[in-house]
Amino acid sequence: MKFPLSWLRRHLETEASLETILATLNRIGLEVEGVEDRGAALASFRIAQVVEAEQHPNADRLRALKVDPGDGKLLSVVCGAPNARAGMKGVVALPGAFIPGTGITLKKGEIRGVASEAMMLSAREMGLGDDHSGIVDLPADAPLGESYVTWAGLDDPIIEISVTPNRGDALGVRGVARDLAAAGLGTLKPLPTPKVTPAYPAPLRWEIADPRACDHVLGRAIRGLRNGPSPKWLQDWLVAIGQRPINALVDVTNLFTFGLGRPLHVFDVAKVKGNTLTMRMAREGETLSALNGKEYALTPEDGIIADAAGPEALGGIIGGAPTGCDETTTECFIECALFDPVRIALSGRRHDIRTDARARFERGVDPALPPLALDLATELMIELCGGEASEVSAAGTPPAWQRSATLRFERLAGLGGAEVPADEAVGALERLGFTVEARDAAKVTVAVPSWRNDIAGHGALDQFPGLDPARARAAAEGCAVIEPEADLVEEVLRLRGLDSIPPVSLPVSGIVPPPALTAKQARAVLARRVLAARGMLDCVSFGFLEAKTAALFGATPPELHLENPIAADLDQMRPTPVASLALAAARNAARGWPDVALSELGAAYRDPSPEGQLAVAAGLRAGQTPRHWADASRPVDAFDAKGDALAVLAALGVPMAALQVTADAPGFYHPGRSGVVRQGPKTVLATFGELHPKLRAALDIAGPAMAFEVFLDAIPEPKKRKKGAPDLPAFQPLRRDFAFLVDATVPAEALLRAARGADKALVTDVALFDRYAGDKLPEGKVSLALQVTLQPREATLTDAEIEAVAGKIVAAVVKATGAALRG
Amino acid sequence: MMSDDLAALRAETAEQLAAAADLRAWDAVRVATLGKSGKLTGLLKGLGAVPAEQRKERGAALNRLKGELESAIEARRLALEDAALEARLAAERLDVTLPPRPAAPAGEGGIHPISRTFEELVALFGAQGFSVAEGPDIESDWLNFSALNIPDHHPARQDHDTFYLPAGADGRRPVLRTHTSPVQARTMLGQEPPIRVIVPGRTWRADHDATHSPMFHQVEGLVIDRGIHLGHLKGCLIDFLRAFFGIADLPVRFRSSYFPFTEPSMEVDIGWNRKTGQLGAGGDWLEILGSGMVHPKVLANCGLDPREWQGFAFGMGIERITMLKHGMPDLRPFYESDLRWLRHWASDPLSPPSLAEGI
């Protein structure tokens, strides 16, 4: 909300400087968004008169002027403005002045042989607009020699504050003035006492046909008026806050909207059909052509004001064009009503109409103000437009707003952390308009002023449906007691300034705090570090992407399709973070960086339930490994992704020996080059593999791309068992190599498993150290070479024992896989 | 009615397409049918010679046939390509049970600045006795708004620019949480006080420009206990801000404000130099977070009796404090995964935040 300082001073008697006012506004919760002081840069410019205007002797397009800056000492000024003429008044800048529009500081000079001792200014040169067609041409009565800024009313800084949704009262300048006065910045000037003498019966009557549409309404007509432009002071104020002056009647309603936070509306009586204005709910099919030039289709949930012809206003939100006041209006009817804030908010949102009236009604206006506001508005309209007032027409009753609240003084410290003397607290509340109903040493009960609907309001609770009823009731009772008190604590502390509350460090239960992360949370952090340590760059990407892209990576159920996406390419919750990383790889490749290793700890979305959101550690490697003399570059492959996934699982304490890899990875992978890491038949811990060629083509990823997902939620909590003693046998291990010829379709894992299981006592490790497939072997066969570590425990193994265990190993492998030992 | 020669061409082409076993054979069929001197092309060329009274009918029939043949030829191409791809994929099969290499490919890895700030938040609030609570990104309307004293008509709902998902069985539309505050309600419903949690997490609002991202991150704080007051809130935040920014005398200012879920509410500013961006000096103020004493209605909505329990809550933007701390100028690259940006701002995974080593 914006207001010029002069408007504030209309309501606030204060000696405080602008700076003090701004600091106080910030302190008391009326945050200053900005101050526009249009006059500051123009302070030195004076109103001057052109006494002579001659053609420049040496330049066709220039004139030589003699200018009186106000002291009678004529200055020679060379000027190019076509409109410069003898006798005109304009604005002069003297040497040393900074010209905002050109950014230079003025110096005395000589232009083609004629001295130029000053400068006559255009609006653009003063930074007051784009007009550079000539120098400013002031009216003849502009006072010679005076400050231009003062005369033009530009020395009135415009303050903009942001008003929080609870403070409807501060959406009027008077409410701001009241707060500042309460904070000690002066006194609130009383409103004038209007005297309106009704001269005739009201030509229109109110009818509240549906109490949902309006609680209470007053109206009064003025006849015999002449509507025209409003006076300069009013226009200046409205222009200052960004409003367009329209005509005196409408401008007065705006004066009340912004000055008192009390929106009014004026109907042109001659344009109203019939003699009744009805507050009712709209009917299906009714429309309103509103003052903003738009047509609205009304619904039965909208409260309207109707005449015999139909809807003439969306009550409390916007008036209708057909019955608005213009220059031809000779009789107007002022509406001053109270509406249900909730209905206003919902209607306004339904039709997306944001008006100043709506902003005030949905926050709540002062329910006690209408009679006075109506009289004040009547008086001002008659003052500006002439005419005589009718009697007041009224309907409905003002809603009961009177209520009280109690503050226990100890709560100022107990809740607010501030030791505030009781007298100070009570004084602050009284300055805000609260009146003391009862007070003792421990507490005070105050009546809440009509304009503070945010204090001790009766907004309903919305308790969790699953609460135990007794518990819910106790909580609700407690809230009814504590909430109004918290409101009062806030008011007292607000005026005092929260900076005065001494900070206190949180008490801790011990010097060494317990772990902040659960085991599961710590796993996620560790997974991120493991991947970064493996050379991957940790990414954070949007959890939604284009549905078409998402579909390449998995299911895209309609329940996860946004109803109101901000962009068409951000409309579907992603099935896996791999999707985001693949898009990132494509973007990087397009910038000339095809070789990437990216990881993300992010969410995959399966359905909208909390369980449908999976925590996934995902990664993607694309392109080639780095070139290095000692380590040749090669394309990344599926085993890089497998290595990443297994490294995460190992770091998170998963028992690796029991894991199995199956070849049924999701469809976004290459079906023959991907796998699923399982713990037991049901638990899927990870997937990995090369991205499907079709998907790479769709995303424009030219080179190889490998990805993996580790499902962090699926990893069981590691058992907290103390480690046993390490295995430190007294005998040297011995290693034997075996090479098998086996069908290429047999998983290597099967050989390793068979060899490990051949003699659980002696075989402690089996490693695959060579794999050969080529034309030296029969078609469809590969050679796999295993190194088996044998660990004797009781005694060194004899040759016979070694032969025996080697035989067991070969037999086990042959039996499990159909392999043949290579000679 | 299709004349006999057209029906014959259709049958013949179908037969040839079925017989085309690879793309080369397929292309021969295509050229022989639709090519410059293809059979269909020939028939079309011959249309001029047809008697005028039959020309229209035959022309229409030819066009129909052309459409049919074109789609049959295209369908066969797709089928052959699919078959070729399948054959290729089958031929490319790897034994994925092979053990991976013992080491990862060389590369410069690193931790994203948002993740880094997450860890710093955990370390610094952890030292003050906080633990980390979490909640899902997709929340009910009640948890995101109603529980927090933001009823349906509240003006604050409009300010939140909420993303909605389709209504579920209960007729309510789930939302992408607009703040981490729903986890306040989740925590109060899930455990008895005393409560001392922070909630770092993803949040979403339909706003996208130089300073707003539709997905961003917040950290929520919630302390519920007996005798926790506004002074504790100030102390807790001052302790955090000074440690986080590493400025022992960082000026911190508290301004009265309003949030539906706290009362009294306050906004917190830190001192900085608007021109240089330097924190801790310069006489200007920068708004950095919102906070307040938990509103009695929020407590009561979650089953806590405000006569017995009180506490404070705060929320701040993780990107914002990260950008301020490191002097990062632009929000948008945070989510773009640009290799060059990530390498520049990433931190070393082997040097996680530690109170012992300094943060």
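Predicted model: local features only at pLDDT ≥ 70, side-chain atom pairs only at ≥ 80, totals over all residues.
Residues count from 1 along each chain as written, and chains are lettered from A in the order written. Local features need pLDDT of at least 70 and side-chain atom pairs 80 or more, while totals for chains, interfaces and linings use all residues.

**Chain B.** I looked up the secondary structure and found 12 helices and nine strands (DSSP runs, H or I of at least four residues for helices, E of at least two for strands, numbered from the N terminus). The C-alpha atoms fill a box of roughly 100 × 55 × 45 Å along the principal axes.

**Where chain B meets chain A.** I found 100 residues of chain B in contact with 113 of chain A (C-beta atoms, placed from the backbone, within 7 Å). Helix H9 of chain B, residues 230–245, gives the largest share of the chain B side, eight residues.

**Cores.** I next looked up the nonpolar cores (buried Ala, Val, Leu, Ile, Met, Phe, Trp, Tyr and Cys joined through C-beta atoms within 7 Å; buried means 20 or more other C-beta atoms within 10 Å of the residue's own). The largest has 261 residues, and A:Cys332, A:Ala585 and A:Val710 touch the most other members. Its largest share, 11 residues, comes from helix H12 of chain A, residues 469–496. Beyond its neighbours within four places in sequence, A:Ala585 has contacts including A:Val596, A:Leu620 and A:Ile701.

Definitions and conventions: Contact = placed C-beta atoms within 7 Å. Buried ≥ 20, exposed ≤ 12 C-beta atoms within 10 Å, placed from the backbone.
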